[in-house]
Amino acid sequence: MKNIELTDLTLQQEDVFRCMGYGKDASPHAETVQRYEALIKRIPETGPVKGAFTEVSVTGINETGVDTPHGFIKSERLAKISEGVTEMVFGLITAGETFDMMGESFPDMVDAFLWDSIGSALVEEGVAQLLKTIESEKKKTLSLPFSPGYCDWDLTGQKIIFSAFDSSPLGINISSDSLVMSPVKSVSFISCLDVSGSSHNPCRYCSLKNCFMRRKG
Amino acid sequence: METNATAANTLEDLKKSIISINRTSVQQIMPGILSDFEVPEILTSAVYPALNHVRENYQQRKTAIPEVLMSLNIVANIIETISDKSPMQQRNQSILLGVIEGDTHDMGKNIIRDVYKGYGFTVTDLGKNVTIDKFVETAALSQPSIVGLSSMMSTTVDNIGKAIEALKKEVPDTKIMVGGAFMNPELAVKLKADGYAESAATLIEETDKLLS
């Protein structure tokens, strides 16, 4: 397992706003932009986004999913992009407890909502940066990340990912019953190592064309 | 005739100022509104139509949640000003809200809470990670018109089902509404909820349907 502090994450304002639902027909109000800009300046107060990853061998693949020493990942779509894959990366990213606490301290719901959206964007950017770091270190191509609870992978997949790490990795805990992560602004994911170009993106095999999480490529 | 036209314009101005999040304009308009109109007329001719418009814009993706919340914030200030002048009760219906045990995602529930408040409902917010016992105990004491149960996760759907079963037993006259990322109309029916609201955009219409 390797831990990394992601100190130079940069959020693109338009990306964060797009995730909030703004688009070609909806532009943020001037006050929204002003509040966003003020909140962005407060991110350093929460400390760096932290990431951790560990390499996991693939012990079998069939049409229903992928087997690993930590458990069987039941996902037909993951199986499709995993053809020929022998290794995976299990990863975790968290914006940390201070980030959550600050979000809860805002008396104003607009600020609380914007902070929540910033947190989501921050950990997603953290995942992207961590994958780039691993790719550069391993000199291998990684698939786009795939998380429990998304696509056709059940949320119970959290247990498989967390079993590959020590207890409370990066200070993240999952509840035993609902598998919710704490701090809330945390992401768990897997990614296939050394994939071919055409198998890079699991969204290619998903029929939800309008999914807001859909990724290009 | 001229007076009526001016009056209508003033209420229309208030409505437009709420929609466009023009706090300065609202502050300027309010003293005149308060001296010229009765509270029910202010609410039904300006405040609620403005909120309806904002929610419609949100549903049509012409705006996003921050603008909805800012309009609600303006409305909250208007209602506070109105209440200071003449204490009032906008609706005699009450809502008990909370995120079910096992889930700590409360942003969606908080938005719903503010929308309900904007429309004059009395809201009791139990927060997040609320036990079934707490829902039942509070509902039995306060006999709300609606209990709103929220969950963002697949793993807490069972708890929603158990909460509905327990609430129907203890407070049979209270309607139960569900919402959240993992919820959908079919699941709401399967769980024996009385209603389902996809988002803040349809919340009030679904609520009125349940309470009619």
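In this predicted model, A:Phe17 and A:Tyr22 are both buried, where buried means under 20% relative accessible area, exposed over 50%, and partly exposed in between, with a 1.4 Å probe and protein chains only. The model is predicted, so local features need pLDDT of at least 70 and side-chain atom pairs count only at pLDDT 80 or more, while totals for chains, interfaces and linings use all residues; side-chain values use heavy atoms, with hydrogens and water left out. Residues are numbered from 1 along each chain as its sequence is written, and chains are lettered from A and ligands numbered from 1 in the order in which they are written.

A pair of aromatic rings is described by the distance of the centres and the angle of the planes. Rings of Phe, Tyr and Trp (its six-membered ring) pair if their centres lie within 6.5 Å; planes under 30 degrees apart count as stacked, over 60 as edge-to-face and the rest as tilted. By this rule there are seven aromatic pairs over all chains. The planes of A:Phe17 and A:Tyr22 stand at 80° with the ring centres 5.4 Å apart, so this pair is edge-to-face. Ring pairs also bring in A:Tyr36, which forms a cluster with A:Phe17 and A:Tyr22.

Chain B holds a stacked pair, B:Tyr48 and B:Tyr119, with 5.5 Å from centre to centre and 10° between the planes. B:Tyr48 sits in helix H3 (residues 39-59) of chain B and B:Tyr119 in the loop between H5 and E2 of that chain, so the pair ties together parts 71 residues apart in sequence. Helices (H or I, at least four residues) and strands (E, at least two) are DSSP runs, numbered from the N terminus. Both B:Tyr48 and B:Tyr119 are buried.

Because 10 of its 12 residues are buried, H5(B) is largely enclosed by the rest of the structure. Among the buried residues are B:Met107, B:Ile111, B:Ile112, B:Val115 and B:Tyr116, together with B:Lys109 and B:Asp114. Just after the helix, B:Gly120 takes a positive phi of about 85°.

The side chains of B:Arg113 and B:Asp125 meet at 2.9 Å, N to O. This pair links distant parts of the chain, with B:Arg113 in H5(B) (residues 107-118) and B:Asp125 in strand E2 (residues 122-125) of chain B, 12 residues apart. B:Arg113 is buried at 16% relative accessible area, whereas B:Asp125 is partly exposed at 29%.

The whole structure has 19 salt bridges over all chains. In chain A, A:Arg35 bridges to A:Glu31, the closest N and O atoms being 3.0 Å apart. The two residues are four apart in helix H2 (residues 30-40) of chain A, and are therefore separated by about one helical turn. A:Arg35 counts as buried at 15% relative accessibility, and A:Glu31 is buried at 15%. A:Asp15 and A:Arg18 form another salt bridge, at 2.8 Å from N to O. They lie three residues apart in helix H1 (residues 13-20) of chain A, about one turn of the helix. Here A:Asp15 is partly exposed at 32% and A:Arg18 exposed at 53%.

A:Ser143 is buried, with a relative accessible area of 2%. A polar atom of its side chain lies 2.9 Å from the backbone nitrogen of A:Cys192. Such a contact is a pair of N or O atoms within 3.5 Å; within protein, one must be able to donate a hydrogen and the other to accept it, and residues adjacent in sequence count only if both atoms are side-chain atoms.

Chain A also contains an open sheet of three strands in the order E3-E4-E5, paired antiparallel. Its edge strands, each pairing on one side only, are E3 (60-62) and E5 (71-74) of chain A. Two strands pair if DSSP finds at least two bridges between them. Three bridges join E3(A) to the antiparallel strand E4 (residues 65-68) of chain A, and A:Ile61 stands opposite A:Val66 in E4(A).

Conventions
A salt bridge is a side-chain nitrogen of Lys or Arg within 4 Å of a carboxyl oxygen of Asp or Glu.
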